Amino acid sequence: MQKKRYHGPVEATVDVLSGRWKPLILWALRDGTLRFGQIEEELSAYKPNITQRMLTKQLRELENDGLVARKVYPEIPPRVEYTLTERYKSLMPIVEQMYNWGKEHMADQIEHE
């Protein structure tokens with residue numbers, strides 16, 4: 001896989017967090033390890049719902065960016081768990097600030113928390 005090249009740090013950070021689902025996936029994993037179905041369930045509050053294909057794609061991108069670790073257990077049926085990496089811990093305050101900003105400035109447009 002070829003490394004992406006960016007024109008600046010903001011562009012690189014926005015790319016890592018780009019899209020509707022990546023920040024929500026990272027937020028879902030904030031309290032610990034989750035299985036694929038648990039992440040899907042966490043995101044089920046958002047409409048339209050994320051598809052399995054999109055969730056898989058977004059998790060792979062987060063894994064490639066080093067923010068999420070994927071562990072596969074050799075069982076039948078296979079069990080796969082996702083957890084945040086140490087690298088993500090430096091990005092966590094940004095996602096938390098996104099949460100806080102939304103809560104403070106967009107509260108009248110948020111249906112539920």
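Predicted model: local features only at pLDDT ≥ 70, side-chain atom pairs only at ≥ 80, totals over all residues.
Biologist: Which residues is Lys 22 in contact with, leaving aside its neighbours within four places in sequence?

Modeller: Lys 22 is found in helix H2, residues 21–28. Setting aside neighbours within four places, its contacts are Asp 15, Val 16, Leu 17, Gln 58, Glu 61, Leu 62 and Asp 65.

Biologist: How many residues of H2 are buried?

Modeller: The buried ones are Trp 21, Lys 22, Pro 23, Leu 24, Ile 25, Leu 26 and Ala 28. H2 is mostly covered. Of its eight residues, the buried count is seven.

Biologist: How many aromatic pairs are there, and what is the geometry of Trp 21 with Tyr 46?

Modeller: The count is two aromatic pairs. For Trp 21 and Tyr 46, the centres are 6.5 Å apart and the planes make 85 degrees. Planes over 60 degrees apart count as edge-to-face. That pair is therefore edge-to-face.

Biologist: Where do Trp 21 and Tyr 46 lie, and how many residues apart are they?

Modeller: Trp 21 is in helix H2; Tyr 46 is in the loop between helix H3 (36–42) and helix H4 (52–64). Trp 21 is buried at 8% relative accessible area, while Tyr 46 is partly exposed at 32%. The pair links distant parts of the chain, 25 residues apart.

Biologist: Why is the pair of Trp 27 and Tyr 99 stacked?

Modeller: The ring centres of Trp 27 and Tyr 99 are 4.7 Å apart. Planes under 30 degrees apart count as stacked. Here the angle is 15 degrees, so the pair is stacked.

Biologist: What is the bridge partner of Arg 70 in S3?

Modeller: Strand S2 (residues 68–73) runs antiparallel to S3, joined by six bridges. A hairpin of five residues connects S2 to S3. The partner of Arg 70 in S3 is Tyr 82.

Biologist: Which residue in S3 stands opposite Arg 35?

Modeller: Strand S1 (residues 34–35) pairs with S3 (residues 79–84) in the antiparallel sense, over two bridges. Opposite Arg 35 stands Glu 81.

Biologist: How far from the ring centre of Tyr 73 is the charged end of Arg 79?

Modeller: The charged end of Arg 79 sits over the ring of Tyr 73. Its distance from the ring centre is 3.7 Å.

Note on methods
Residues numbered from 1 in each chain as written. Heavy atoms only, no water. Helix = DSSP H or I, 4+ residues; strand = E, 2+ residues; numbered from the N terminus. Contact = heavy atoms within 4.5 Å. Buried < 20%, exposed > 50% of the residue type's maximum accessible area, 1.4 Å probe, protein only. Pairing = 2+ DSSP bridges. Phe/Tyr/Trp six-rings, centres within 6.5 Å; stacked < 30°, edge-to-face > 60°. Lys NZ or Arg CZ within 6 Å of the ring centre and 35° of its normal.
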